[in-house]
Amino acid sequence: MSLVSAAPHGLMAEPHAGGRFGEFGGCFVPESLVAACAEVEQAFRDAWSDATFHHRLERLRAVHAGRPTALTPAVNLSAELGVTVLLKREDLAHTGSHKINNVLGQALLAHRMGRRRLLAETGAGQHGVAAATAAALFGLDATVFMGERDMERQELNVFRMKMLGAEVVPVRSGSRTLKDACNEAMRHWVTAVDDSYYCVGSVMGPHPYPWMVREFQRVIGEEARAQCAAELPTAVPTHVVACVGGGSNAAGTFAGFVDTNARLIGVEAAGGAAMSDGAVGIVHGYRTLVLQDEHGQVAEAHSMAAGLDYPGVGPELAHLGGIRRARYVTVADDEVVPALRRLARAEGILCALESAHAIAWVLRAAGTAELPTGSTVLVTLSGRGDKDMPALMTADAR
Ligand SMILES: *Cc1c(COP(=O)(O)O)cnc(C)c1O
């Protein structure tokens, strides 16, 4: 792996001064956090130019997270659709999704900075579980902020975090969901900057987080690029598809292909489509496209996939959309379960509801001008479906 990626300020390289991706990004935090963000940035720069840090991270990815994850040709689905579908299997990573890639990097950084505690926000609990996992591995304490409503809906993940030794703090403000948990985690960070490290769960938040988290997720795209080269006569697929919540699995995937001719397609949940329905605003410390009500207040997102239930979108993805290097599409709830079922029956892979959004777009677009017959499409399966089975059982029973 190269220590310095691409040209500075090239696409998906280093952001411009202050963490800007075009008009998006930046660091809009209370004065008390400006120094804390700067400290994280400096620590990340030092770590990212240190071969020892890279070696440690690579070893952890291999021996703890199970990387590299497979690239699986979806042979049956490909035959049915008339397009070649390749699946990047983040569902096979430890803890069941790509989130482990990010938390291993950030926990290693927190450890290097001498911090004793990880703070994290979580919606459905997937990032909370990953953060608790990494904290346990590094001997750090973990405090996870979670909306009270989400805690009721995601009991199993709350229990997982507790089993791993994390403290889960219920957030009772606002809609008692993810956006409120983000606010509360940042509020708490202000009071605990000296001994705590804020471990953000996606390519969001103030600079340097969107950049840093993309770099920790870049491994998805780099592995997939090499695996596609071995699998495809053309080496590079014609289309690269990933679901978008905050945008970390998409950003990590796109980073491996942004310098090719592949079309980059991000799939949002129709009820959480910041790229389609959002307006420019500042949320959780950065400027981006965000769902807002008529008063400009951050609106709540609604998706059956909890991981896509975020009203904003990572600033770099917003920028890639603005310059038309990436395109964003939406998938409604009612397309998701049929897509999940079709993939399961065609390939024997039960993916997460979030990932099923990406599959649903491929099913809808195959054979049309958007994804013509004969295309080669890489789809990142961001996670496995086990976490979603209880909800589907209830839905089926109804
Ligand atoms: C959290 C999550 C997502 C959404 O997060 P991104 O940052 O957009 O990748 C997607 N899929 C799964 C399985 C998740 O757990």
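## Exercises on a predicted model

His207 is placed in the loop between strand 8 and helix 9. Helices and strands are DSSP runs numbered from the N terminus (helices: H or I, at least four residues; strands: E, at least two).

The model is predicted, so that local features need pLDDT of at least 70 and side-chain atom pairs pLDDT 80 or more, while totals for chains, interfaces and linings use all residues. Residues are numbered from 1 along each chain as its sequence is written, and side-chain values use heavy atoms, with hydrogens and water left out.

### Exercise: the surroundings of His207

Determine whether His207 is buried or exposed, which side chain it contacts, and what kind of peptide bond leads from it to Pro208.

*Solution.* 
- Begin with the accessibility: His207 has a relative accessible area of 8% and therefore counts as buried. The classes are buried (under 20% relative accessible area), exposed (over 50%) and partly exposed (in between), with a 1.4 Å probe and protein chains only.
- Next, examine the side chain: that of His207 makes a polar contact with the side chain of Glu41 at 3.2 Å. A polar contact is a pair of N or O atoms within 3.5 Å; within protein, one must be able to donate a hydrogen and the other to accept it, and residues adjacent in sequence count only if both atoms are side-chain atoms.
- Then follow the backbone: the bond from His207 to Pro208 is cis, with omega near 10°. Pro208 lies in the loop between strand 8 (196-198) and helix 9 (209-231).

### Exercise: a cis bond and positive phi angles

State where Pro68 lies, and give the phi angles of Arg176 and Ala235.

*Solution.* 
- Arg67 and Pro68 are joined by a cis peptide bond with omega of about -5°. Pro68 belongs to the loop between helix 2 (51-63) and strand 3 (71-73).
- Arg176, which is not a glycine, has a positive phi near 60°. Arg176 occupies the loop between strand 7 (167-171) and helix 8 (178-192), and its relative accessibility of 27% makes it partly exposed.
- Ala235, likewise not a glycine, has a positive phi of about 70°. The loop that holds Ala235 runs between helix 9 and strand 9 (239-243), and Ala235 is partly exposed at 28% relative accessible area.

### Exercise: strand pairing

Which strands pair with strand 4, and which strand pairs with strand 9?

*Solution.* 
- Two strands pair if DSSP finds at least two bridges between them.
- Strand 4 (residues 84-89) has 5 of its 6 residues buried. Strand 3 pairs with strand 4 in the antiparallel sense over 3 bridges; here Leu71 has Lys88 of strand 4 as its bridge partner.
- Strand 14 (residues 376-381) runs parallel to strand 4 and is joined to it by 6 bridges. Leu87 stands opposite Val379 of strand 14.
- Strand 9 is joined to strand 10 by 5 bridges, and the two run parallel; Ala242 is bridged to Gly266 in strand 10. Strand 10 (residues 263-269) is largely enclosed by the rest of the structure, because 6 of its 7 residues are buried.

*Solution.* 
- On a 1 Å grid over the protein atoms alone, a cavity is a set of points where a 1.4 Å probe fits but cannot get out, and a pocket is an open set with protein on both sides within 12 Å along at least five of seven lines; lining residues have an atom within 4 Å of a point. Points are joined across faces, edges and corners, and a volume is the space filled by probe spheres set on the points.
- The domain bounds come from an automatic or database assignment.

### Exercise: the largest pocket

Find the volume of the largest pocket and the helix that gives the largest share of its lining.

*Solution.* 
- The largest pocket contains about 730 Å³ of space. It is lined by 35 residues, and Arg153, Gln154, Met304, Ala306 and Ala391 are the closest to its centre.
- Helix 15 gives the largest share of this lining, 5 residues.
- Domain 1 and domain 2 each supply at least three residues to the lining of the largest pocket.
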